[in-house]
2 protein chains.
Amino acid sequence: MSEARARAIGLLGGGVIGGGWAARFVLNGVHVQLYDPAPGAVERVQETLANARRAYQRLTMAPLPAEGALIVANSVAEAVRGVELVQESASECLELKQQLLASASRAATPETLICSSTSGLRPSLLAKEMNHPERLLVSHPFNPLYLLPLVELCAAPATAPETLERAAEIYRSVGMHPALVRKEVDGFVANRLQEALWREALWLVHDDLATVQEVDDAICYSFGLRAPILGPFRIGAGEIGMRQHMAIWGPVTLNLPRRKLADAPELTEAFLDKLAEQSEARDDNQKIPELQQKRDDCLVAVLQGLRAQGYGAGETLARWEKGLRDRAPQLTRASGQLEMTRQIPSDWIDYNGHLTESRYLQLCGIATDNLLTYVGINAEYRSKFGSYYTLETHLSHLGELYAGERVQVLTQVLGADDKRLHVFHVLTREGDEKPAATGEQMLIHVKAGSGRSGPAQGSVRKRMLELARKHAELSRPERAGASIRLR
Amino acid sequence: MSEARARAIGLLGGGVIGGGWAARFVLNGVHVQLYDPAPGAVERVQETLANARRAYQRLTMAPLPAEGALIVANSVAEAVRGVELVQESASECLELKQQLLASASRAATPETLICSSTSGLRPSLLAKEMNHPERLLVSHPFNPLYLLPLVELCAAPATAPETLERAAEIYRSVGMHPALVRKEVDGFVANRLQEALWREALWLVHDDLATVQEVDDAICYSFGLRAPILGPFRIGAGEIGMRQHMAIWGPVTLNLPRRKLADAPELTEAFLDKLAEQSEARDDNQKIPELQQKRDDCLVAVLQGLRAQGYGAGETLARWEKGLRDRAPQLTRASGQLEMTRQIPSDWIDYNGHLTESRYLQLCGIATDNLLTYVGINAEYRSKFGSYYTLETHLSHLGELYAGERVQVLTQVLGADDKRLHVFHVLTREGDEKPAATGEQMLIHVKAGSGRSGPAQGSVRKRMLELARKHAELSRPERAGASIRLR
């Protein structure tokens, strides 16, 4: 699949959603030209960008590209100049959106994609005043936009098929999961579902059957846990098949008395007061910045868990990371040593607040994998010829590392022959002189499918021996070859 | 908080929910007396128990207690004899449930708690024919019951307060999160919310706006990812406060046209056909056992992710594990070596299908932690006097380990003085003679709050030196003191 990556996008509006778009694109190496005349808008976008940067450092060990620039534009015309895609993210007001989209369509070249982030307005309505309405599309994202992958694409009858295809490729290239909405409909698909839940939640509070916290907890501890994994139709069909599920549960769940409150309660002053008071009285009523960081950390944990299972949004994450790795240049130092830098994720910490010891080994493992990639071991080589397996590791802890710190790992090949590979990793906190840890490893080349050792093949063997010769000129680390003794 | 642990429960009905209750109680060391006259019921409960066993082995490294027995009873009276709690989990039919609960109430002692798993029937109705209706309670769980922690407790006006308290303690002791429903209401809280979503999902498919897979995906890739973390009220208040959120989104989401389909579609034959056909045509239409295992593995990943964040259902999991650890006996071998056995979780595997190398070190770390606990290092000792930190580790890989295998770790103290501790771990696959790996570690005692080494204190120091003397009589491992060399 060829990947259409945007070099720059124009962003109209820098609220919660606009800031999220800015973060997703900038952190994926795309320049963002932002137009938002509201006072403080740029600062709020910068805050969202800082939150997203923090979240991505926890989310992935894949090398992120150099950040795109966040460029402040003074007009719609300036924001859309020279971009591949314009993302309109203004307030949910039809006239305002129509006017912005029309201005953008007059200022941009005809091939520029023009997308609206509306949470529910139909694209035919939005396109009314536009030039070239065939490049107008709704692309509706979810907050926090830099972590949640869904973007619903809703076309008007006038939208050109290539508009949809080009936009979907751009969103995929920044780690999103584009989903096509079949028909023009108010609220599209996900928001209609979300709002049905929302109306029922309001009724429960309105009728004093539960507080806002009790409603939220009822979801988070029960079907909410399944929600990243199983949609409502999967829950039914997962145990007994859809037809039997409907026969048993249709009458129970869809008839009176349980469907009786399907409308929405009126938002009287008294009801709004109740909602606000209960929200302020929550057990864990943290400030908004802390709440957002906790939310992001938990989302990162859920996404990483699903990635390990190769499932749903975790699969989207893995695909994005693969793209990042494929695009990343190989890094070596002037000395010829291999170098990588990683930030310590917050969940790599033990009860003492230090980096857990097994994570030191994981860092060494990633550095060894980088070395193997560097000499040319890839999926094809692995399935045809095999790969290197670790025989022994000797870790020495010389200092402490903490969450959020950046660690540089320098890798030196101490020796190699046809089969064996002897490497030494030095882990140093960025800015420090003394290393925090060292890791020495002996690996052996194992033939594909045999479980037995055998010589490395072809250019991999050649590059590995070459690297060993070059690294033999470096000074030998003092701790190399040490053993553990209680003297 | 004192913990009321049941020794035995009576279970009436062994369907999806009954099987889930059986699994949760049996795996927490509680005997289950099951009555279900339906053919094949016991076999289906055994299958659920097998799924749950598999899920728990992945879920936690905490030592599970010896399993309770699953005892097949031939009558309601036999099932409820001598138990602390009766859990009725029959089909969702009022008359059937009333009759079972009445029989149970006549056969059980008056202090036996009697709980119904109904998904929505009011407890006052259920209690109609019972003796001692003050011990009747609805306790409504969610599938898969052995993983999802919520249990909604709904009392009738006649229910005694101590009934609620005793039941809540029992559910907590098996790792659940009891939530009290404020008033008697059809569908309680979580099911009313879930069914509102369900009705809207049905409309979307009914009106051909989305297929069942598109509806499920729209949730799993967007607000479903937030659902284990943020309820609907938290999403609103998380960014801008509840009042401002309602001012912006109230009119958009609660008025026409977006609320127009708030009722439920009629289940005509044609609509049922469509649902069944789309369900069978899904991309990933796996067989039910594989689906259930994938679901469980993903849920385990989500729960473990939230546990690392100390959040929501992850906190419930951590509290349960703490209870398991506190109750577990210390294990040593006849030889005096410390012994532990663990099953390799499925997500500890690398792309070659083997145990990832850093997990070998994690197993050694858990064994070292066990040793430290054994000599008396606990939270109090740590905050007062300090603990041991690893200086060096030498791992040797002698064989491969795979997911699902059970590994025994034997730990020998090779030497200790006032400050230092030299240990050797041997990791062997259960049933094998030759070890799969060894791990040698040097640790040093660090004084609390100082970051500097200092002697171990009091009985910890005494027990550690004693253990070193005892272990000095064992033969010294061949690989101890080895260094890494390319010969």
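Q: What makes residues of chain A and chain B count as being in contact?
A: 115 residues of chain A are in contact with 115 residues of chain B, because a contact requires C-beta atoms, placed from the backbone, to lie within 7 Å. This is a predicted model, in which local features need pLDDT of at least 70, side-chain atom pairs count only at pLDDT 80 or more, and totals for chains, interfaces and linings use all residues. Residues are numbered from 1 along each chain as its sequence is written, while chains are lettered from A and ligands numbered from 1 in the order in which they are written.

Q: Which helix of chain A gives the most to the side that touches chain B?
A: Helix 13 (residues 288-308) does, with 14 residues; helices (H or I, at least four residues) and strands (E, at least two) are DSSP runs, numbered from the N terminus.

Q: Why are strand 10 of chain A and strand 10 of chain B called paired?
A: Pairing needs at least two bridges found by DSSP between the strands. Strand 10 (residues 386-397) of chain A and strand 10 (residues 386-397) of chain B have 5 bridges, in the antiparallel sense, so they count as paired. A:Ser396 stands opposite B:Glu392 there.

Q: What makes strand 9 of chain A and strand 9 of chain B edge strands?
A: The open sheet has 10 strands, in the order 9(A)-11(A)-12(A)-13(A)-10(A)-10(B)-13(B)-12(B)-11(B)-9(B). Strand 9 (338-343) of each chain pairs on one side only. In chain A, strand 9 is joined to strand 11 (residues 406-416) by 6 bridges, running antiparallel.

Conventions
Contact = placed C-beta atoms within 7 Å.
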